[in-house]
Structure formats: structure tokens, C-alpha cells
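Subject: Handing over a structure, with notes on its salt bridges

Dear colleague,

I am passing this structure on to you, and my notes on what was found in it follow below. Please look through the sequence and the model before reading on.

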Amino acid sequence: MAKLNIAPTKSNLLAIKEQLSVAEDGYDLLEQKREILVMELMRMVEKVKLLEREIDRALEKAYPALRKMLMTVGGDRAERIAHAVKYDFNMKETSVTAGGMTFSSIDVELPQQQLFYSFLGTFADSDKVMVEFFNLLKLLTEMASIRTIAWRLAVEVKKTQRRVNALDKMIIPQNRETKAYIESVLEERDRENVFVLKSLKNRKGR
């Protein structure tokens with residue numbers, strides 16, 4: 001690692017020591033931050049895995065229910081029922097704190113679930129389909145929110161890792177080498193000064 005191109009003076013030695021101290025402290029803090037973010041990311045990944053299993057179970061109920069409904073009421077009537085069912089979904093941006101950091105996420109507010117058989121004259125099969133798909137929709141919106149946070153955490157882990165690597169592989173070694181170089185030059189100068197002073201003292205004594 002090449003040293004910094006600065007003059008070997010006492011003032012520059014003090015400055016490089018301060019920079020080195022700041023860099024080492026920054027490295028420790030960033031390493032702690034990276035570990036916390038990685039732990040939080042792993043926690044989110046576990047949540048995603050659990051939700052994936054729940055979604056698989058919901059799909060195993062929802063699509064068979066839909067097939068049964070189509071067999072019972074027919075495709076045309078199923079389409080008329082689908083057009084008659086209307087829900088309003090509210091989407092808003094929210095702030096989520098994870099790993100000591102705040103991320104933006106999308107929160108979907110699901111409406112109150114309703115059954116429409118009272119005035120549509122549908123069968124119980126169609127109401128079952130609505131129940132199962134409503135549950136599936138709830139899980140999917142939750143998955144979207146968690147995946148968004150997990151993705152943002154992964155990006156932040158990557159950025160933090162790059163900073164840690166820059167400090168560890170470039171900035172800190174460069175400052176240490178520069179510090180050692182300046183110290184060696186100053187020590188050599190001190191030895192030369194001592195030698196000169198001794199020589200002058202000996203001449204004066206003679």
C-alpha cells in the first residue's frame with residue numbers, strides 16, 4: 001500500500017495520527033453496524049420463508065375452491081359474481097425501523113371482508129372462494145412489504161461492507177504506512193541533529 005504524498009513534518013504526523021484514529025474508530029462502528037444489519041436481514045429472510053410456506057398453504061386452498069366454484073356455478077355466473085364484488089384498497093408509504101435504520105415501505109390497508117350472498121344469490125362455494133383469496137391477498141401484501149424491507153436492508157449491508165473494506169484495505173493501511181514513514185524520517189532527523197550538536201560541542205571543547 002503506497003503512503004500518502006505529504007511532507008514528513010511533526011504537524012503532518014499529528015494530523016495523520018488523528019486521521020488514523022478516526023478511521024479505526026469508524027471501522028469499528030461500521031463493522032458493528034454491518035453485523036446488526038446482517039442479523040436484521042437474516043431475521044427478515046426467516047420471515048419471508050415462513051410467509052412463503054403460509055402462501056403455499058393458502059394457494060392449496062384457494063385454487064381448489066375456485067375450481068369447485070366454477071364447476072358449481074359455471075364460468076359465466078362466476079364472472080358476473082366477480083364483477084359485482086368490489087373492494088377499495090388503501091395504499092400508503094410508511095416508515096419502518098430495522099437494524100437501527102429507517103426504511104420506506106408500502107403498507108396496504110385491506111378493507112373489511114364482506115360476503116355478498118345476501119343480495120347476489122350466490123352459493124356457499126363462491127363465498128368460500130372470496131374468503132380464501134382474501135386471506136391469500138392479505139399474505140401477499142404482507143410479503144411485498146417484508147421483501148421491500150429485506151431488499152433495502154441488503155442494499156444497506158452492501159454499502160456498509162464497501163465502506164468497511166475501503167477502511168480496512170486502503171485507508172487504514174495507507175495512514176499507518178504514512179505514519180510509520182514520517183516517524184522514521186523525524187527519528188532520523190533527530191539522530192542527525194544529535195550528531196551535529198555533539199560534533200559542534202566537541203569542536204568547541206577542543
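Arg43 counts as partly exposed, at 40% relative accessibility, where buried means under 20% relative accessible area, exposed over 50%, and partly exposed in between (1.4 Å probe, protein chains only). This is a predicted model, in which local features need pLDDT of at least 70 and side-chain atom pairs count only at pLDDT 80 or more, while totals for chains, interfaces and linings use all residues. Residues are numbered from 1 along each chain as its sequence is written, and side-chain values use heavy atoms, with hydrogens and water left out.

Arg43 forms a salt bridge with Glu40 (2.3 Å, N to O), a salt bridge being a side-chain nitrogen of Lys or Arg within 4 Å of a carboxyl oxygen of Asp or Glu. Both residues lie in helix α1, three residues apart, about one turn of the helix, and Glu40 is buried, with a relative accessible area of 14%. Helices here are DSSP runs (H or I, at least four residues), numbered from the N terminus.

In helix α1 (residues 10-73), Arg34 and Glu31 are likewise three residues apart, and their side chains meet in a salt bridge of 2.8 Å, N to O; Glu31 counts as buried, at 19% relative accessibility.

In helix α4 (residues 124-205), Lys179 and Glu183 are four residues apart, about one helical turn. Salt bridges that share partners join Lys17, Lys179 and Glu183 into one network.

By the rule above, the count comes to 12 salt bridges.

Best regards

How values were computed
Helices (H or I, at least four residues) and strands (E, at least two) are DSSP runs, numbered from the N terminus.
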